[in-house]
Amino acid sequence: MWYHKPVINEELLQSLPNLKIVASSGVGIDHLDLNLLSSYAVKVSNTPFVVSTDTADLGMALLLASSRRLVEGYQMAVSPDTEYFPADWLGAEVSGATLGVVGMGTIGYKVAKRAKAFEMKILYHNRNQRNKEEESAVGAIYCKKIDDLLRQSDFVLLSVNLTPQTHKLIGKRELELMKPTATLINISRGLVVDQDALVEALQNEVIKAAALDVTYPEPLPRDHPLLKLKNVIITPHIGSATKKTRHLMMENMTESIQAGLTGLPIPNEVA
């Protein structure tokens with residue numbers, strides 16, 4: 001599967017009686033009905049580890065671009081209407097700011113490593129607390145309650161899997177807990193955020209800005225209000241989009257398929 005295609009439903013499974021494995025690109029499996037696949041004795045694999053470095057890089061890039069208003073700055077610099085650069089056109093500091101990472105898995109932890117180099121204070125919320133050695137390596141502080149992280153963070157970065165528990169994890173209540181000077185960064189899945197609530201929060205200055213690599217749907221309708229806001233950066237779901245990583249993803253999928261067809265242990269099998 002690439003970009004969630006083809007759609008794996010019961011009709012397709014019934015038409016493929018000899019199917020042994022579905023190899024899906026990327027880390028997310030929210031597009032797959034694992035119970036349905038299991039009922040047909042079909043195994044599933046993904047490519048979770050090869051995408052983590054590039055996705056963490058993009059998360060940090062979105063944080064920097066949003067804080068320093070790079071997209072707005074570029075538009076100002078190249079606009080035929082620009083006669084001078086205003087002296088009061090300012091961004092927000094990154095060094096010394098507080099980053100809250102929601103979902104400290106492989107990607108979230110790599111974001112924290114990058115943020116440490118920018119001398120950021122790092123908070124994180126996760127289902128399970130990391131061990132003390134991992135926390136101290138990046139200077140991360142565990143927040144058992146997400147509310148505590150939201151209240152304290154200057155930047156909130158989402159790197160969770162989409163599950164029933166994380167569906168619209170960030171909604172109106174959570175956005176109102178954030179600082180009015182805070183930025184929301186989403187590199188996970190669009191449905192982790194209540195998009196209507198986000199539009200309202202950005203329009204009413206409940207939070208300062210958002211930087212999104214994911215939305216729902218993708219792409220957004222061309223008249224969607226998120227596309228009209230200056231305090232939003234949207235990229236086209238390119239967390240893993242480098243030549244090297246995409247090549248490695250295909251290699252991982254091929255290895256899993258070969259293993260699944262020959263009865264060997266499947267690398268990156270999804271339980």
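Reader: Does Glu119 count as buried or exposed, and at what relative accessibility?
Author: In this predicted model, local features need pLDDT of at least 70 and side-chain atom pairs count only at pLDDT 80 or more, while totals for chains, interfaces and linings use all residues. Residues are numbered from 1 along each chain as its sequence is written, and side-chain values use heavy atoms, with hydrogens and water left out. Glu119 lies in the loop between α5 (106-117) and β4, where helices (H or I, at least four residues) and strands (E, at least two) are DSSP runs numbered from the N terminus. With buried meaning under 20% relative accessible area, exposed over 50% and partly exposed in between (1.4 Å probe, protein chains only), Glu119 counts as exposed, at 62%.

Reader: What is the phi of Ala41, and in which loop does Ala41 lie?
Author: Ala41 is exposed, with a relative accessible area of 60%. Although Ala41 is not a glycine, its phi is positive, at about 60°. As for the loop, Ala41 is placed between α2 (34-39) and β2 (43-45).

Reader: Which residue is joined to Pro6 by a cis peptide bond?
Author: Pro6 belongs to the segment before α1 (10-15). In its cis peptide bond omega is about 0°, and the partner is Lys5.

Reader: Which backbone oxygen does the side chain of Arg130 reach, and at what distance?
Author: Arg130 sits in the loop between β4 (121-125) and α6 (132-138). When neighbours within four places in sequence are left aside, Arg130 is in contact with Met104, Gly105, Thr106, Tyr109, Tyr124 and Glu135, contact meaning heavy atoms within 4.5 Å. A polar contact is a pair of N or O atoms within 3.5 Å, in which, within protein, one must be able to donate a hydrogen and the other to accept it, and residues adjacent in sequence count only if both atoms are side-chain atoms. By that criterion the side chain of Arg130 reaches the backbone oxygen of Met104, at 3.0 Å.

Reader: Which strands and helix are among the elements covering the buried residues of α9?
Author: Helix α9 (residues 195-203) has as its buried residues Gln195, Ala197, Leu198, Val199, Ala201 and Leu202. An α-helix has 3.6 residues a turn, so residues three or four places apart point the same way. The cover of the buried residues of α9 includes β7 (183-186), β8 (209-212), β9 (232-234) and α8 (172-177).

Reader: Which residue caps the N-terminal end of α9?
Author: After α9 comes Glu205, whose phi is positive, near 60°. At the N-terminal end, a side-chain oxygen lies 3.2 Å from the backbone nitrogen of Asp196, and the capping residue that supplies this oxygen is Asp194.

Reader: What share of the 271 residues counts as buried?
Author: Along its principal axes the C-alpha trace spans about 65 × 45 × 35 Å. Among contacts between residues at least 6 apart in sequence, 62% join residues at least 24 apart. The buried share of the 271 residues is 46%.
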